[in-house]
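Hi,

Here is the structure I promised to pass on.

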Amino acid sequence: MKKAAFYLILIFLFQSCWYTGVDDGDQPYRSMYKPITQNRADFEKTIVLKEAQPIMTSGKIYVKDDLIYLNELGKGFHILNNSDPENPEPLAFLEIPLATDLAVRGNILYVHHAVDLVSFSYSVSNNRLVILHRERNVFPELQSPDGFSPDHYGVSEGVIVLGYQLEN
C-alpha cells in the first residue's frame, strides 16, 4: 500500500513534465497596440525653444538661481523668471517631447529625452538654448501598455518609439 501511494505521488509530481503537444510559444500573444515611431535624425531635432505658453498640466518644479523650470508632463519645460517671487514672469517654453525629468549642475541642465540624456545651457539674457551633448540610449525604451518592448513590434535600431495607440 505504501509503495502504491509513493508511485501515485510521484506520478502527480512529474505530470507537469509530460509533453502535451501544446506549446505556449506556438501562438504568441498579439498586442492590442501599435507603436508610434520617429526616426532618430528627426527625433533629435525635436528640442525647440519657443515663446512662453500657458501651463496646462504641470509636473516637477526645479529652481536654479532666479529661474524656475516647470515640467509640462511629456511636453517640455516652462522657464520662468522668479526674481520677484510674488510675480513669476514666463520667459520661454522648452519643448522636449517625452521629457520627464531635469537636473541642474552648475550652469548645465540635463534632461531625460525619451531614451536619451541631453545636456544643454540656457542663457536668459539672449533667450538662447545651446545643446552641449546627447548621450544616446541611456534610458529604457518605452513599453506598450500591455507590457511589450519595441522589439516585439520589429522596431529597428534607428527608430524611437514615442508612444502607442490602440489598434482597431
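Let's start with charge: the chain carries 14 positive and 21 negative side chains, and the centres of the two sets are 6 Å apart. Here Lys and Arg count as positive and Asp and Glu as negative, while His and the chain ends are not counted. Each charge is placed at NZ of Lys, CZ of Arg, CG of Asp or CD of Glu.

Keep in mind that this is a predicted model, where local features need pLDDT of at least 70, side-chain atom pairs count only at pLDDT 80 or more, and totals for chains, interfaces and linings use all residues. Residues are numbered from 1 along each chain as its sequence is written, and side-chain values use heavy atoms, leaving out hydrogens and water.

Now the overall build. You'll find two helices and eleven strands in the chain (DSSP runs, numbered from the N terminus: H or I of at least four residues for helices, E of at least two for strands). Along its principal axes, the C-alpha trace spans about 90 × 35 × 30 Å.

Is Thr46 buried or exposed? Thr46 counts as buried, because its relative accessibility is 14% (buried is under 20% relative accessible area, exposed over 50%, partly exposed in between, with a 1.4 Å probe and protein chains only). Beyond its neighbours within four places in sequence, Thr46 is in contact (heavy atoms within 4.5 Å) with Gln38, Glu95, Pro97 and His113.

Cheers
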